[in-house]
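This report examines selected backbone features, a ligand site and a set of paired strands. The sequence and the model are shown first.

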Amino acid sequence: MSTPQAIESLLTETRVFEPSQAFRARSKTVHCPDMATYRALYQRSMQDPAGFWAEMASHYSWSKPWSKVLEWECPDAKWFVGATTNISVNCIDRQIDAGLGDQVAIIWEGEPSTNDAGGHEVRRLTYADLKREVCTFANGLKSLGVKRGDVVTLYMGMVPELAIAMLACARIGAAHSVIFGGFAASAIVDRVQDANSSVIVTCDGAWRRGQVVPLKANVDEAVSRLTGVRHVVCLHRCGNDIKWNGGRDICWHDLVKGQSHECAPEAMDSEDLLFLLYTSGSTGKPKGIRHTIGGYMVFTATTARYTFNLVPGENQVFFCTADIGWVTGHSYVVYGILPNRVPTVMYEGAPNFPKEDRFWEMVERHKITHFYTAPTAIRAFMKWGDEHPKKHDLSSLIVLGTVGEPINPEAWIWYHEKIGSSHCPIVDTMWQTETGGHIITPLPGCTPTVPGSCTLPFFGIDAAIVNEQGEELPPNQGGLLVIRKPWPAMLRGIHGDRARYIETYWSKVPGMYVAGDGARRDERGYFWIMGRIDDVINVSGHRLGTMEVESALVSHDAVVEAAVVGMPHEIKGTGIAAFVTLAPTHQGVTGDALRKALCEHVTKEIGAIARPDMIRFTGALPKTRSGKIMRRLLRDIAAGKESSQDTTTLEDFSLLAKLRETDE
Ligand code: WT7
């Protein structure tokens, strides 16, 4: 189990922050106002999950009620069996029907300044606007032959049309597969092929730090390597030059022109596919995580409501800084927030464009009350300096959130003091692409927090720390984080790979969901996540398989073999260290030029997030006598530590000294 240095310090953290009086004073309604209420609700959710979730589900509209709340045959769960609904109705129409059609659903802000005075492009879409946009685009998709059950691929920047396209798919019963705009063409090829998607929606480009990311060109390159793509819908956002393929490409604007503003929602079965979202695992091939409609809808809306204490009518404005290309954006920019009748903020670009105070400027401009980001971003804010938040009025903030990786106490305290004026509760939300929504998290105004701990399980989540036999471990003993009961937004499988689904999540400890994280619980029952136990690394809160980076490296002519491990990184939490052996033709030409070439190659193959932070050339990789790469040893070397690993099985001892030599 790897324990990055940042995490080691939090293992000794003992400061406790009780819910602040200031938070209580400012929130008229607190859904879970004290620990006694939390305990009672949690207990009820454990003893009577069906009753508990039926009650939560009753807040939303269903076109046909369920006959049974849960059918569970490990590892297959069905929630709200027999019920039909449409998630776009719960995100949009339900608000309109309640007379809230002219209230703001989405506040979007573009990255570029629109005038010399630094004015910004802002779009506010009401629920009525959103309905019109979603329906016209849904009708447009239908006109391209997209039907219920198809998978539509979305490879776009953070523009409102991305949320519109997701909801339009949901409206007509098509599933979506969103690919993060930072991924390269080969990532599109793999995902489109695996999803068997014949329509891709993209943009000419996306703004990022004043530059245009050429999304359409990446799609063109991907499609040239694919056979089944019939149409590419392209939204013109940046006005950059693009190639146009007449028979195949359709402009978004032309597609929606003349379409009806009404599109009757398909009545979807609760267990129909809502989306696929690809995430990294221990092998080189990303997994298409399957999420279905009913359970995901109820769980994301319920977690959003409790974890952030969302209350309509209290002028709340919710801003999650994640890109929709990740699960955080799916659940807490779009699906979990819209049903709660609180405006969701979508921001197009980089946090430091044009300057390092962009987010704080936005908080002030939109009177943002809820701010949800990742520890890696917080560490960057700290490095940029306190003067940036100090320039702005942040007094609108009520709740702060963090997600993606364990937060180091130093960053937690900075967030608390400099952003939250020492009175905004911080919710450290632990979850995964596979869990759909928060599984372990404090509730604001309720749970006392300890910096670095994600505290206690959410309602309905039977989380525990166990050994490989499934036995629960005593306090403070590290073990496997598992969930012992099904929950509504649990993944329903890996697309097209049942064996991998069972093998990855359900075979390590039979009968329990194994999250892939090592963790412990302290004396008060609080969870402390210690890091991944598989070959997955968490770089800036984004998951990457070390094998993916290794295969990108060996696809370069110069490389024969590569081993990739995580290493401590000041901002990213975990950085990428690559140990590489070179082809005879390239031996002797090591050095910065080759390092740079390899970094560029990985960026081209996967995307900038996979760019190695350190490349070390070596004559050979450390292997056991049976030929296994000794990754733990490499991790220790990359961290500059003496290894605690037993090296007696190492095949070539002289290697150790060589690997430790730094030539940078
Ligand atoms: C992995 C899941 C789900 C949102 C973004 C990441 C790590 C996530 C926390 C947290 C400690 C965390 C875990 C998990 N992780 N949140 N609050 N504290 N670790 O989603 O890409 O599916 O990655 O991120 O290691 O397994 P993901």
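## Positive phi angles

Ser-421 is situated in the loop between helix 16 (409-419) and strand 20. In this predicted model, the phi angle of Ser-421 is positive, near 45°, although the residue is other than glycine. With a relative accessible area of 43%, Ser-421 is partly exposed.

Phe-80, likewise not a glycine, has a positive phi of about 55°. This residue belongs to strand 2. Phe-80 counts as buried because its relative accessibility is 0%, and the cut-off for that class is under 20%.

## Cis peptide bonds

The peptide bond between Cys-74 and Pro-75 is cis, with omega at about 5°. Pro-75 is part of the loop between strand 1 (68-73) and strand 2 (76-81).

A cis peptide bond also joins Phe-353 to Pro-354, where omega is about -5°. Pro-354 occurs in the loop that lies between strand 17 (344-347) and helix 13 (358-366).

## The ligand site

The ligand is surrounded by 17 residues, of which Asp-428, Thr-429, Thr-433, Asp-517 and Arg-532 are the closest. By class, this shell consists of 6 nonpolar, 6 polar and 5 charged residues. Helix 12 (327-335), strand 20 (426-429) and strand 24 (527-532) each contribute at least two residues to the shell.

On its own the ligand has 550 Å² of accessible area, and the protein covers 96% of it.

## Strand 28 and its partners

Strand 28 (residues 573-582) is largely enclosed by the rest of the structure, because 10 of its 10 residues are buried. Strand 27 (residues 559-569) pairs with strand 28 in the antiparallel sense, over 10 bridges. A hairpin of 3 residues connects strand 27 to strand 28.

Methods: Residues numbered from 1 in each chain as written. Predicted model: local features only at pLDDT ≥ 70, side-chain atom pairs only at ≥ 80, totals over all residues. Heavy atoms only, no water. Buried < 20%, exposed > 50% of the residue type's maximum accessible area, 1.4 Å probe, protein only. Helix = DSSP H or I, 4+ residues; strand = E, 2+ residues; numbered from the N terminus. Pairing = 2+ DSSP bridges. Near = heavy atom within 4 Å. Areas by Shrake-Rupley, 256 points an atom, 1.4 Å probe, with all protein chains shown as cover. Nonpolar A, V, L, I, M, F, W, Y, C, P; charged D, E, K, R; others polar.
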